[in-house]
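Reader: Could you walk me through reading this model, feature by feature? I would like the general idea each time, and then the case at hand.

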Amino acid sequence: MISTKHLLLSIFLMSLFTAVIKRSSQGNLLNPIARPAISRAMHIQSIPMWEGTGNNYAYLVTDDKSKEAVIIDPANPPEVLPILKDKTDSGAIKLSKIINTHHHHDHAGGNSEILKHFKLPIIGGKDCDKVTMTPDHKSTFNVGEGIKVTALHTPCHTQDSICYFFEDGADKAVFTGDTLFIGGCGRFFEGNATEMHKALNETLASLPDDTRVYPGHEYTKGNVRFAKKVLNNDAIRKLDEYSQANKETQGKFTIGDEKQHNVFMRVNDSNIQQLVGHDKPVDVMKTLREMKDRS
Ligand SMILES: [Zn+2]
């Protein structure tokens, strides 16, 4: 026989137990409880800027464990600063660096204004506004405890173009500025086809195939329109479908995908070589870029 007293005591103990479990599963900031055993990965937030005109992206990359964060190409402060202020004020991030992919105003033009609000070093190419450190080709630095960054010099669009390869355990991403776009590449403002061939088909192509690509602009729809005139393959058809259905394509494709759907990374494709009338990779690159510029 269970007495009423025992029953009430059991109910009380049960509800106390439930409350303790619920509380510990929520955790708290002072005493964070162990998270489920998932592999740690960097957090990448895209910040679209000048949507509808430049269609640029700044990227806020945070090391999950230490909360150390870097902001890449924060070119339009009115669209970036409110996010940086919210996240630093709330303690969600500790901003440690500005990183620039190249000196163009729509990438490095926000540095001076950001510096008025945050005292930060600027990592970037030699011509970037207020740059404090230009990393050597293939040199590395860390973001927090988990992220290793390798600087990759990719001169052509500008001579000071640098791509940044981020690794956090198995998670890999590359921030390519105006050198590599999803399905395309930047214009050769300060360089030539030899340099872009090296940048895309040697330097970036040598990254692991599962590296996600984060370019400086959302240009995918236009790039696919051009790619379809040059080549028909399954990868280009898939990219076409994806870009028709999705406004944003950054981080959705990898270096491995680019080798399939990006005609500027398929300079050895015999169909493309036939179409442009050249078989040397650099000549194919040069002709493709001229065709794209005219398209
Ligand atoms: Zn540019």
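Author: Happy to. Let's begin with a strand pair: strand 1 and strand 2 (residues 56-62) are joined by seven bridges and run antiparallel. Strands pair when DSSP finds at least two bridges between them. Helices (H or I, at least four residues) and strands (E, at least two) are DSSP runs numbered from the N terminus. Within this pair, Met 49 sits opposite Asn 56 of strand 2. A word on the source: this is a predicted model, where local features need pLDDT of at least 70 and side-chain atom pairs count only at pLDDT 80 or more, while totals for chains, interfaces and linings use all residues. Residues are numbered from 1 along each chain as its sequence is written.

Reader: Which strands form the open sheet, and in what order?

Author: Five strands make it up, in the order 1-2-3-4-5, with mixed pairing. Strand 1 (43-49) and strand 5 (122-123) are at the edges with a single partner strand each, so one side of each has no neighbour in the sheet.

Reader: What does helix 2 lie across?

Author: Helix 2 (residues 77-89) lies across strand 1, strand 2, strand 3 (68-72) and strand 4 (94-99), at about 150° to strand 1. For such angles, axes are lines fitted to C-alpha atoms, for helices over the stretch in contact, and the angle runs from 0 to 180 degrees between N-to-C directions.

Reader: How should I read helix 7, and which of its residues are buried?

Author: An α-helix has 3.6 residues a turn, so residues three or four places apart point the same way. In helix 7, the buried residues are Ile 236, Leu 239 and Ser 243. Down the axis of helix 7 these fall within an arc of 60°, so they line one face; the arc is that of the directions from the helix axis to the C-beta atoms. Asp 234, Glu 241, Gln 244 and Ala 245 are exposed on the other side of helix 7. The cover over the buried residues includes helix 6 (220-230) and helix 8 (255-261).

Reader: Which residues have the most contacts inside the largest nonpolar core?

Author: A nonpolar core is a set of buried Ala, Val, Leu, Ile, Met, Phe, Trp, Tyr and Cys residues joined through C-beta atoms within 7 Å. The largest one here has 62 residues, and Val 61, Ile 71, Tyr 164 and Val 174 have the most contacts inside it. Beyond four places in sequence, Val 61 has contacts that include Met 42, Ile 44, Val 143 and Phe 166.

Key
A residue is buried if 20 or more other C-beta atoms lie within 10 Å of its own, exposed if 12 or fewer, and partly exposed in between; C-beta atoms are placed from the backbone. Two residues are in contact if their C-beta atoms, placed from the backbone, lie within 7 Å.
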